[in-house]
Amino acid sequence: MKTAKFITKQMIKMFLLLLAVSIVAFALMTASPVDPLQANVGQTALGSMSPEQIQKLEEYWGVGQPPVQRYMAWLKDFIRGDMGVSLLYRQDVTKVIAVKLANSLFLMIIAWVMSGLLGFILGALAGMNRGKLIDKVVRGYCLLISSTPAFWIAMLFLIIFGVWLKILPIGLSVPIGVEASGVTFLDRVYHAILPAFTLSITGISNIAMHTREKMIDICESDYMLFAKARGESTWEIFKNHGFRNVLAPAMTLQFASISEIFGGSVLVEQVFSYPGLGQAAVSAGLGSDMPLLMAITMISALLVFGGNLIANLLYGVIDPRIRRGGAVR
Amino acid sequence: MERKKILEIKNMNISFCQYQKGMRQEELPVIRDLSLSVHEGEMVAVVGSSGSGKSLLAHGVMGILPYNASMGGEILYRGEPLTEKRIRKLRGKEIVMVPQSTSYLDPLMKVGTQICKGKKDLVRQKKLDQIFSRYSLAKEVQEQYPFELSGGMTRRVMISTAMIENPRLVIADEPTPGLHQKAAKSAMEHFRELADMGAGVLIITHDLELALETADRVLVFYAGYTLEDAKTEDFCKEETLRHPYTKALWRAIPKNGFQYIDGVQPYVKDMPSGCPFAPRCSRCSEKCHGEIPYREVNGGYVRCVYDS
């Protein structure tokens, strides 16, 4: 009964969120000064076209139609599962997204797992050894990274590893001049290393800093003091109590950080010319490709919402006070 | 037969370093010149009102004082100095602490595993079962989490953490707050049992009546000072007590007249010179503001210039 109620509530929440996001995204796009014809056809080409041709193009890009009407038309199709045709790629949006999402997911999952694991380890280490050298190093690293823009770090790595050392490719997701069928899995991994590494590095600092804070709270708790009074060694204290208590908040953080990884991937993909969802979002935005941008927006909203939902659910699974106490949120 | 001394504390001082406005540091003495000894099979109670810093006594012996606290004086365990290195080896084995409240239990660890410190071998499991049946705790409780326990159960679980070891010295920090009369009494009796089994037990409490029911000796703690160290029998009548404060405490017990005296214990920062009780004492005179000796009177100790 409780579970059913919980699920219904979450579904309603998700539905309302998606609706709100779609309205805002659409409104922003309508308000943007980008002229789709100029952006996609070019000033010169536009000037040499006959009015009939221009009118045809305007029809294709939906210029002149009232926004509400366009939005309603989009919403009707979207609810039926039809995301439309991408104006830029001239393909079904579903198809475009499938390809881009696969590329991005590959990148994001590596970065997400790496930043989560490393962030947790570094944060826990720093928290347990508060004030000592390792804490200072971790904190210094985190502050440095979080005050540096992700795209700048991306460019820095590109210069170091791609241009100077020449050990990693400077961009794209597959080698240049190779047929699609000739691309191996290793090629993909090789091309994903730099962007994934950049994304992880920037993701670590957030996770590590939060885990550290939480760990410090735990270390100051009475039960940690009692464990010490019971003669448990530092490792035992961490293993028995520290890890157990920091895990739930760290997991929550990890799933909630999906949004940040996603946001970071937009910038990083741009710098590395990596053909993922982030890059597609940028070109869709700049090119007024309404159907594609809307679809990407919806998918990212879903991903982030899903992450937060999983975080919520996990808390209930990990923490016995919620699991056994019956306090289902 | 003379019983062996398990714990002897000589002139213990504990003070806190506190930052005042800006960078000015100030030393706050919380425990001053505390001396006591606990023998095998003996139960000693340190009684003092809340906020008199008595919990720090337990933390001081266990070597778990916070980083901004410093301790002076001498602690002897079985005749030898209890150094930091030695307490690290002994705590949780020969010397155990029974904590104050549920917050000292890990909220995410099952009770049984927690009592066994995460190492549940057959021997420990068997011992745990015995302890649980002794304290009439159901076996299912082992699989429960601390938040699922009642106040009395939590108490017994915390005493179990001491019982699972083979303690020679048990230090209990406020073992009875928030318990109703019956549960508090049975908690105290469990400590009495530990003492009767041969361990030295040091109880830190604010409940004088309860302490008098079970303990062998009572130390009266006031504003950081031990004012009196008396046998429990001395509390039978007012005349055998030594310090005016102890007498005032005695008179405040319902069956002894339920009289109270005005005032509160002074805060560490505005401590009077000489006797800390002087401002509230009816016999206060000029010499109470000088140096007050801690001396032996009739088999007990008192920190007072008068001979009762």
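**Close-up 1. Strand 9 of chain B and its partners.** In strand 9 of chain B, Val218(B) is the bridge partner of Ala45(B). The model is predicted: local features need pLDDT of at least 70, side-chain atom pairs count only at pLDDT 80 or more, and totals for chains, interfaces and linings use all residues. Residues are numbered from 1 along each chain as its sequence is written, chains are lettered from A and ligands numbered from 1 in the order in which they are written, and side-chain values use heavy atoms, with hydrogens and water left out. Strand 3 (residues 43-48) of chain B pairs with strand 9 of chain B in the parallel sense, over 5 bridges. Two strands pair if DSSP finds at least two bridges between them. Helices (H or I, at least four residues) and strands (E, at least two) are DSSP runs, numbered from the N terminus. Strand 10 (residues 225-231) of chain B runs antiparallel to strand 9 of chain B, joined by 6 bridges. Here Arg217(B) stands opposite Lys231(B). Strands 9 and 10 of chain B form a hairpin with 2 residues between them. In the turn, Ala223(B) has a positive phi of about 50°.

**Close-up 2. The covered faces of strand 9 of chain B.** In strand 9 (residues 217-222) of chain B, 6 of 6 residues are buried. Buried means under 20% relative accessible area, exposed over 50%, partly exposed in between (1.4 Å probe, protein chains only). In a regular strand the side chains alternate between the two faces of the sheet. One side carries Arg217(B), Leu219(B) and Phe221(B); the other carries Val218(B), Val220(B) and Tyr222(B). Helix 8 (residues 244-252) of chain B has buried residues too, among them Tyr245(B), Lys247(B) and Trp250(B). Their cover includes strand 9 and strand 10 of chain B.

**Close-up 3. The open sheet of chain B.** This sheet has 4 strands in the order 2-1-4-5, with antiparallel pairing. Its edge strands are strand 2 (25-39) and strand 5 of chain B, each pairing on one side only. Strand 1 (residues 5-19) of chain B meets strand 2 of chain B over 11 bridges. Within strand 2 of chain B, Pro29(B) is the bridge partner of Ser15(B). Arg78(B) sits in the loop between strand 4 (69-77) and strand 5 (80-81) of chain B. Arg78(B) is partly exposed, at 38% relative accessibility. Beyond its neighbours within four places in sequence, Arg78(B) is in contact (heavy atoms within 4.5 Å) with Lys5(B), Ile6(B), Glu94(B) and Arg168(B). Arg78(B) and Lys5(B) are 73 residues apart along the chain, yet their C-alpha atoms are separated by 6.1 Å.

**Close-up 4. Thr214(B) in helix 7 of chain B.** Thr214(B) belongs to helix 7 (residues 208-214) of chain B. Its relative accessible area is 10%, so Thr214(B) is buried. The side chain of Thr214(B) reaches the backbone oxygen of Leu210(B) at 3.2 Å. Not counting residues up to four places away in sequence, Thr214(B) touches Met43(B), Met188(B), Glu189(B) and Arg192(B).

**Close-up 5. Salt bridges within chain B.** A salt bridge is a side-chain nitrogen of Lys or Arg within 4 Å of a carboxyl oxygen of Asp or Glu. The whole structure holds 23 of them over all chains. Asp33(B) pairs with Arg303(B), the closest N and O atoms being 3.0 Å apart. This pair links strand 2 of chain B to strand 12 (residues 300-303) of chain B, 270 residues apart. Asp33(B) is partly exposed at 24%; Arg303(B) is buried at 5%. Asp196(B) and Arg192(B) meet at 3.3 Å, N to O. They are 4 residues apart in helix 6 (residues 181-196) of chain B, so about one helical turn separates them. Asp196(B) is exposed at 57%, whereas Arg192(B) is buried at 16%. Arg242(B) and Asp234(B) also form a salt bridge, at 2.9 Å. Arg242(B) is buried at 3%, and Asp234(B) is buried at 11%.

**Close-up 6. The interface of chain A and chain B.** Here 20 residues of chain A are in contact with 30 residues of chain B. The two chains bury about 2300 Å² between them, 59% of it on carbon and sulfur atoms. Buried area is the accessible area (1.4 Å probe) that two parts lose on being put together, summed over both. In chain A, Phe226(A), Arg230(A) and Arg324(A) lose the most area to chain B, together 31% of what that side buries. The rule finds 1 salt bridge across this interface. Glu236(A) and Lys119(B) form a salt bridge through their side chains (2.8 Å, N to O).

Notes
A polar contact is a pair of N or O atoms within 3.5 Å; within protein, one must be able to donate a hydrogen and the other to accept it, and residues adjacent in sequence count only if both atoms are side-chain atoms.
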